[in-house]
Amino acid sequence: MDKEIQEDWLDARLRAEAPYIDDAGFSSRVVAQLPVHRSRNSLRAVILLAATVVASAIAYVVSGDGRFIVEAFAHLTQWSLLMLVLLAIGCGFLLTALGSIAAIAKMREQQSLGASDRL
Amino acid sequence: MPVTDAALVARVLVDDDHHAFAELVRQHQSTVRGLLRQLTRNDLALADDLAQETFLRVYKNLRSFRGEAKFSTWLYRIAYNVFREDARRRKELVGIDESKWQEEQDPKTVDLALRHDLMRALNLLPLHERSAILLCCQNGLSHEEAARVLEIPLGTVKTNVLRGREKLKRTLAAWGPN
């Protein structure tokens, strides 16, 4: 029992000797030394774009030179003007909502990282 | 709400997000610098240089972190390796010999403030015992985690902690609970 009390006391003293060390620019100095890897991001964008173009081309060819697109437009022409306007407005709202959600999420993420240490 | 280590690591890996890495550094700089200060016997400038090298090494090797252990354990391991490499270069791995230890633990010399005595007692421990004590008793790592950090068997960690504790208790006997 005495041994346990002594160990608790020793551990408590040791922890007390490890106070919080203020950052005082340490993080900024570390980040300033990081290598820059911008090329990887731009390479990823190129790969994504190329994959999209290739996939679209394949879909176009496989579907009989885009017959499904012609059919879709033919189908749309049978809709009333009101329905087409509602469809356009709906698509607009949907895109705006998705964009806003993405922007808010990104803003919160940036805020949580602390604006003071932007480099 | 603070972002978790795992989320920050993912953002660094996926987006090469320097802001996320800065946050990782901010969250862990105090413990890493504190540990290195103790290991370098309170050489603040050297400890900060080693801490900087530690975080740069973390950044370069982040892809090898598989998340099997806690991020902090992995970080301590890198910090300890950086310290060990530097100590090897400086040939300071040997630590203090036992004769000096015996001399220093004379109760007549224990007449300064507790903090001073504790730091002195810690600095007198051989490196393997000091490291185990710092990781387990001061930074709260389990024996298993400390074994991973120090890359030594679990039993050795337990022995080092036990011996280190005994030596500290002997030196600080006058300050301990009655």
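This is a predicted model: local features need pLDDT of at least 70, side-chain atom pairs count only at pLDDT 80 or more; totals for chains, interfaces and linings use all residues.
Of the 119 residues in chain A, buried residues make up 5%. In chain B, which has 178 residues, 37% count as buried. Among the contacts in chain B with a separation of 6 or more, 61% are accounted for by residues 24 or more positions apart.

Two helix pairs of chain B were examined in turn. Packed helices are described in general by the angle between their axes and by the distance between the axes. For helix 2 (residues 18-39) and helix 4 (residues 71-90) of chain B, the axes come within 11 Å and cross at roughly 35 degrees, and the crossing in which helix 2 of chain B passes helix 4 of chain B is right-handed. On the side of helix 2 of chain B, the contact is made by His28(B), Val32(B), Leu35(B), Leu36(B) and Leu39(B), whereas helix 4 of chain B contributes Ser72(B), Leu75(B), Tyr76(B), Ala79(B) and Phe83(B). By residue class, this contact of helix 2 with helix 4 of chain B divides into eight nonpolar and two polar residues, with no charged residues.

The second pair consists of helix 8 (residues 143-150) and helix 9 (residues 154-171) of chain B, whose axes come within 9 Å and cross at roughly 105 degrees. Because angles of 65 to 115 degrees count as roughly perpendicular, helix 8 of chain B is roughly perpendicular to helix 9 of chain B. The contact is made by His143(B), Glu144(B), Ala146(B), Ala147(B) and Leu150(B) from helix 8 of chain B, together with Leu154(B), Val157(B) and Lys158(B) from helix 9 of chain B. The residues of this contact between helix 8 and helix 9 of chain B comprise five nonpolar, one polar and two charged.

Helix 7 (residues 127-138) of chain B is mostly covered, since ten of its twelve residues are buried. The buried residues of helix 7 of chain B are Glu129(B), Arg130(B), Ser131(B), Ala132(B), Ile133(B), Leu134(B), Leu135(B), Cys136(B), Cys137(B) and Gln138(B). Just after helix 7 of chain B, Gly140(B) takes a positive phi of about 75 degrees.

Within helix 7 of chain B lies Leu135(B), which counts as buried because it has 26 C-beta neighbours inside 10 Å, where 20 or more are required. When residues up to four places away in sequence are not counted, Leu135(B) touches Tyr76(B), Leu141(B), Ala146(B) and Val149(B). Leu135(B) and Ala146(B) are eleven residues apart in sequence, and their C-alpha atoms are 6.2 Å apart in space. In the largest nonpolar core, which has 46 residues, Leu135(B) and Ala146(B) are, with Leu36(B) and Ala79(B), the residues that touch the most other members. Helix 2 of chain B gives the most to this core, with nine residues.

How values were computed:
Residues are numbered from 1 along each chain as its sequence is written. Chains are lettered from A and ligands numbered from 1 in the order in which they are written. Helices (H or I, at least four residues) and strands (E, at least two) are DSSP runs, numbered from the N terminus. Axes are lines fitted to C-alpha atoms, for helices over the stretch in contact, and angles run from 0 to 180 degrees between N-to-C directions. A crossing is left-handed if the near helix is turned anticlockwise from the far one by less than a right angle, and right-handed if clockwise. Two residues are in contact if their C-beta atoms, placed from the backbone, lie within 7 Å. Ala, Val, Leu, Ile, Met, Phe, Trp, Tyr, Cys and Pro count as nonpolar, Asp, Glu, Lys and Arg as charged, and the others, Gly among them, as polar. Angles under 35 degrees count as roughly parallel, over 145 as roughly antiparallel, 65 to 115 as roughly perpendicular and the rest as oblique. A nonpolar core is a set of buried Ala, Val, Leu, Ile, Met, Phe, Trp, Tyr and Cys residues joined through C-beta atoms within 7 Å.
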